[in-house]
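Hi,

Here is the structure I promised to pass on. Have a look at it first, and then read on for my notes.

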Amino acid sequence: MAVAANLVNLEAVGKVYGTRALLDGVSLGVNEGDRIGVVGRNGDGKTTLIRILAKLEEPDTGRVTQTGDLRLGVLTQHDSLDPAATIRHEVIGDLADHEWAGDAKIRDVLTGLFGGLDLPGFGQGLDTVIGPLSGGERRRIALAKLLIAEQDLIVLDEPTNHLDVEGISWLAGHLRARRSALVVVTHDRWFLDQVATRMWDVQRGDVYEYEGGYSDYVFARAERERIAATEETKRQNLMRKELAWLRRGAPARTSKPRFRIEAANELIADVPPPRDDAELMKFASSRLGKTVFDLEDVTVQAGPKTLIEHLTWQLGPGDRIGLVGVNGAGKTSLLRALERAARTDGDEQPAAGKIVVGKTVKLAYLSQEVAELDPAKRVLEAVQQVRDRVDLGKGREMTAGQLCEKFGFTKEKQWTPVGDLSGGERRRLQILRLLMDEPNVLFLDEPTNDLDIETLTQLEDLLDGWPGSMIVISHDRYFIERTTDRVFALLGDATLRMLPRGLDEYLERRQRVIDAATPAAAPPPAKQKPSVDARAAKKELQKIERRLDRISDSESRLHTQIADHATDFEKVAGLDAELRELAAERDELEMRWLELAEDA
């Protein structure tokens with residue numbers, strides 16, 4: 001079996017900003033075929049690491065080497081597009097229409113990122129001038145330009161920002177199908193599970209490596225912390241709580257074979273489910289009564305445009321709703337209509353129909369815009385301005401300082417002026433102030449913007465015990481699945497639909513709409529064979545799994561025999577040899593399982 005060629009090497013790399021070492025003696029490598037996800041807290045050095053890897057920034061110490069003919073594509077957080085150029089010039093270059101339209105890759109990228117070859121979101125299509133466009137639109141153009149080119153290594157910094165659920169799903173599939181190696185920094189955990197086969201966790205100057213995607217990383221990190229921690233600390237461990245949700249609640253995303261699941265289940269055996277839904281519903285009903293929001297034949301408009309019409313719907317006590325839909329379908333407009341009705345005690349109504357608001361509703365609305373705060377105030381002062389302590393229910397309460405710490409503001413950071421905070425830190429502070437006001441209804445519009453994975457996990461943990469009604473709009477599929485119980489969709493036809501199968505069903509419905517609008521094309525003959533290969537792969541997978549089950553049983557039996565003959569050294573030596581043979585066979589079968597899983 002050929003060894004994958006090395007593309008980039010970091011040897012004892014160090015980087016210091018001010019008095020803080022972001023990277024301290026880091027040695028890493030990227031090989032052909034690697035797909036690496038990079039995670040870590042905001043400010044811990046993820047972007048610095050990949051900029052050094054791409055030679056966009058020099059390390060203070062150590063060395064970075066790249067293969068001489070490396071074709072490297074980099075998406076940074078700030079593009080270098082020519083503002084005077086058109087999209088056609090930057091993305092397509094000098095190719096004639098018949099040339100680029102005949103290229104399957106270019107068609108796929110344009111359709112996946114922009115919704116069609118005519119770029120329906122841009123007034124002049126490909127001939128739109130880049131200068132006046134928004135940052136999100138420019139970022140999609142930069143991503144399209146990168147993906148159309150041939151690359152040996154692609155380095156992406158937050159590529160899912162400004163993409164909707166469909167765009168993120170398309171990008172994951174596109175990157176999986178490419179032969180290029182990949183290094184990606186992202187806070188989108190669903191995306192990491194789809195594309196990554198290795199993880200780099202950047203923490204306090206070090207980088208820890210893990211095999212597998214995000215779910216495998218959660219398992220491995222939880223296991224590492226389990227070994228290092230006391231029993232009580234383990235019960236408090238957020239990683240283990242998230243692992244419990246991954247194993248019990250969501251569809252299994254881990255790339256590990258089925259026999260790995262047993263180890264995960266053993267690890268979270270004493271961890272309760274993330275949410276006690278019955279208890280939360282009971283508490284929410286006592287706080288809210290029977291009515292929260294009742295909509296009767298409601299029509300929602302944005303200027304002259306009708307976004308939703310004849311909507312009869314109810315948000316009840318304790319409902320946790322995920323709201324998804326195409327851009328411009330009216331998700332934010334619906335929340336704003338509900339917020340206006342709540343703020344005016346039902347006096348301000350939509351264009352048609354009626355919104356009934358419960359008498360006890362106390363609404364907190366997190367919009368996409370970060371609320372302006374006095375930049376001279378300290379973090380703790382900004383929180384205490386709302387209140388000094390918050391009631392979490394069941395006799396639990398937290399002080400402003402304790403909640404600050406839970407949201408990643410250490411005791412020292414709590415005395416930082418608001419004006420010195422990063423965008424992600426201000427977002428955290430905004431959410432924190434909302435929760436301190438003890439609302440019983442939460443509207444969260446893109447709450448995950450600018451938050452790192454650790455903060456997202458802490459927010460999810462807090463919401464697990466929050467008793468009230470909640471609507472979440474987010475392009476972060478993982479966050480929606482993790483925090484809500486039902487998903488509703490606005491598909492652009494002015495109606496709201498419940499999706500029993502959640503976001504999978506939403507993507508299927510959207511794909512049917514796209515297929516219906518796209519002229520049918522005869523499938524190329526070369527695409528016929530993979531289905532046969534897939535069936536063969538599934539059969540071999542089943543065979544391997546049966547053998548792995550037998551190996552597991554044999555290992556258990558051998559361990560029992562070793563315990564029974566602990567004083568018979570000759571017998572134990574023989575049994576141990578059998579164990580080593582089984583372990584070697586298991587490792588070979590695991591590797592083959594992983595190879596076949598993608599084909600299947």
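Which residues form one aromatic cluster? They are Tyr 210, Tyr 214, Tyr 217 and Tyr 478. Rings of Phe, Tyr and Trp (its six-membered ring) pair if their centres lie within 6.5 Å, with planes under 30 degrees apart called stacked, over 60 edge-to-face and the rest tilted.

Before you go further: this is a predicted model, where local features need pLDDT of at least 70 and side-chain atom pairs count only at pLDDT 80 or more, while totals for chains, interfaces and linings use all residues. Numbering runs from 1 along each chain as its sequence is written, and side-chain values use heavy atoms, leaving out hydrogens and water.

Back to the rings. Searching the whole structure turns up seven aromatic pairs. One of them joins Tyr 214 and Tyr 217, tilted, at 5.6 Å centre to centre with 50° between the planes. These two are three residues apart in helix 8 (residues 214-228), so about one helical turn separates them. (Helices, H or I of at least four residues, and strands, E of at least two, are DSSP runs numbered from the N terminus.) Tyr 214 is buried, at 0% relative accessible area, and Tyr 217 is buried too, at 2%. Buried means under 20% relative accessible area, exposed over 50%, and partly exposed in between (1.4 Å probe, protein chains only).

Phe 293 and Phe 443 make another tilted pair, 5.8 Å centre to centre and 35° between the planes. Phe 293 belongs to strand 10 (residues 293-302) and Phe 443 to strand 17 (residues 441-445), so their pairing ties together parts 150 residues apart in sequence. Both Phe 293 and Phe 443 are buried.

That pair also turns up in the largest nonpolar core, which has 74 residues: Phe 293, Leu 295, Ile 355, Phe 443, Ile 471 and Tyr 506 touch the most other members. A nonpolar core here is a set of buried Ala, Val, Leu, Ile, Met, Phe, Trp, Tyr and Cys residues joined through side-chain atoms within 4.5 Å. A second, separate core has 52 residues, including Ile 141 and Leu 246.

What does Ile 471 touch? Leaving aside residues up to four places away in sequence, its contacts (heavy atoms within 4.5 Å) include Trp 313, Leu 335, Leu 338 and Phe 443.

Leu 335 and Leu 338 are among the buried residues of helix 13. Ten of that helix's 13 residues are buried, so helix 13 is largely enclosed by the rest of the structure. Asp 345 follows helix 13 and has a positive phi, near 55°.

Cheers
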